[in-house]
Amino acid sequence: MTAQVWAHLRGCPPGEPPGPGGPSESWRAVEAGVLGIPHPLGSPLLDPAKVPPGLGLGRRGLAEPGWGHPSCSRGPVHDRAEFRRPAAPATVLSLPSSGLEFLMLTAALASLSVTACAPGAAADLASPGGTEQNPDTVVDTNNSSTDAGAGFAKVPASTFDMGSTPGQPDYGYGVHSVTLTHDYYVGVTEVTQGEFQAVMGYNPSYFTDCAGFDPDNCPVESLNWHESAAYSNALSNAAGLQECYTCTGSGAIITCTVTSNPYDCTGYRLLTEAEWEGAARCGTDTEYAGSNTSADVAWTTENAYSGMHAGADLNPNTCGLYDMSGNVWEWTQDWFENYPTGGVTDPVGAENGCMPYRIYRGGGSNNNAYYATVSYRHSVAPLFRSGYNGFRVARSSPD
């Protein structure tokens, strides 16, 4: 792997690159990045016998995963390697037995997204602080007549406590007060495969069978942060609204950047992390989005025995939003940063830097309920793809 490819995948150059055409880093670093995947259930995600056909990844490497590699952070910023079915036959990628370096050809990039260790990345801890939970959230769930169109619920401006509040597991986040000064619309369900196909002309999803459900009604997945932003732009363009991102490329090979403050953009976009948690909580402090019992509102390993389910198949939360907990993880707008210790107004996350990670929330049907709470936060590189990663769209209220 060259330093150029490494930088493309990781978001920044390796620590001491020998030049743009030279090797990326030691094999130990590559092994940590590609195979060092701390799995929350304690078992490997990558079974060599289950590698999708056509991936072209040498099985020797997959048979020797370095789970919990000592050079990787043990915090909520997990190290990931995800493999999905390629749209076209992939160039063979072999992991050498010598343990020095490996060669990745550009043609394999469409089928493989890798994030490696964030050197010295700390767990996202914050000091206690903030104010009492505000229970007075009022919600407009008349989805057929909202300014955002059908399928959206209006969440009003509010002040609420975010993080490890009394109703949540103690993840060590602390508590801080958040004020959102604007109303905003949130998709009632996660974007479906049918919706994504209709707008973008392709379906990146791995689980097109969707456990026997009509895939058109199942969440789209296996797409990265940039594809989520591009979809949001496409909706804005179709509605004659401001685009919230600048994107270059097309299809699955696309790069998007944020072009304006998300709260000021009038078009469709991803939720900020604060908006996501505010909408998931919806004026309550239930452990999951709408209930203290995960099975009421969330598809997780505890009830989704056949995998992912169609949207809106369980109960919604108070805001009328389905699957904010469970089914698929949801990309948000923000770059990762540790929580502040004091109150904030309309937060937008960290500025882009070396080794950047985007926040995603809600847990997936491949995780247990521990990850599906309204407060648990997770982050990966924006090029990350997984069969359990999706998104939902939002829009600031024009009122």
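## Basis of the values

The model is predicted, so local features need pLDDT of at least 70 and side-chain atom pairs count only at pLDDT 80 or more, whereas totals for chains, interfaces and linings use all residues. Residues are numbered from 1 along each chain as its sequence is written, and side-chain values use heavy atoms, with hydrogens and water left out.

## Disulfides

A disulfide is a covalent bond between the sulfur atoms of two cysteines. Here the term is applied to a pair of cysteine sulfur atoms within 2.5 Å, and by this rule the count comes to four disulfides. Three of them are described below.

Cysteine 210 is bonded to cysteine 218, with the sulfur atoms 1.9 Å apart. The torsion about this S-S bond is about -95 degrees, so the disulfide of cysteine 210 and cysteine 218 is left-handed. Both cysteine 210 and cysteine 218 are buried (under 20% relative accessible area, where exposed means over 50% and partly exposed in between, with a 1.4 Å probe and protein chains only). In the disulfide of cysteine 247 and cysteine 256, the sulfur atoms lie 2.1 Å apart. A torsion of about 110 degrees makes the disulfide of cysteine 247 and cysteine 256 right-handed. Cysteine 247 is partly exposed at 25% relative accessibility, while cysteine 256 is buried, with a relative accessible area of 2%.

Cysteine 282 and cysteine 319 form a disulfide with their sulfur atoms 2.0 Å apart. Its torsion is about 90 degrees, so the disulfide of cysteine 282 and cysteine 319 is right-handed. This pair links distant parts of the chain, 37 residues apart: cysteine 282 is in the loop between α6 (273-281) and α7 (294-297), and cysteine 319 is in the loop between α7 and β10 (329-335). Helices (H or I, at least four residues) and strands (E, at least two) are DSSP runs, numbered from the N terminus. Cysteine 282 and cysteine 319 are buried.

## Nonpolar core

A nonpolar core is a set of buried Ala, Val, Leu, Ile, Met, Phe, Trp, Tyr and Cys residues joined through side-chain atoms within 4.5 Å. The largest such core holds 53 residues, of which Phe196, Trp331 and Phe391 touch the most other members. Helix α5 (residues 225-239) supplies the largest share of this core, five residues.

Leaving aside neighbours within four places in sequence, phenylalanine 391 has contacts (heavy atoms within 4.5 Å) with residues including Phe196, Tyr231, Leu270 and Trp331.

## Helices α4 and α5

The axes of α4 and α5 come within 10 Å and cross at roughly 65 degrees. That makes α4 roughly perpendicular to α5, a class that covers angles of 65 to 115 degrees. Axes are lines fitted to C-alpha atoms, for helices over the stretch in contact, and angles run from 0 to 180 degrees between N-to-C directions. In this pair Glu195, Phe196, Val199 and Met200 of α4 meet Glu227, Ala230, Tyr231, Ala234 and Leu235 of α5.

Alanine 211 lies in the loop between α4 (193-200) and α5. Its phi is near 55 degrees, a positive value in a residue other than glycine. Alanine 211 is partly exposed, at 32% relative accessibility.

Serine 222 is also placed in the loop between α4 and α5. Although serine 222 is not a glycine, its phi is positive, about 60 degrees. At 0% relative accessibility, serine 222 counts as buried.

How values were computed
Parallel < 35°, antiparallel > 145°, perpendicular 65-115°, else oblique.
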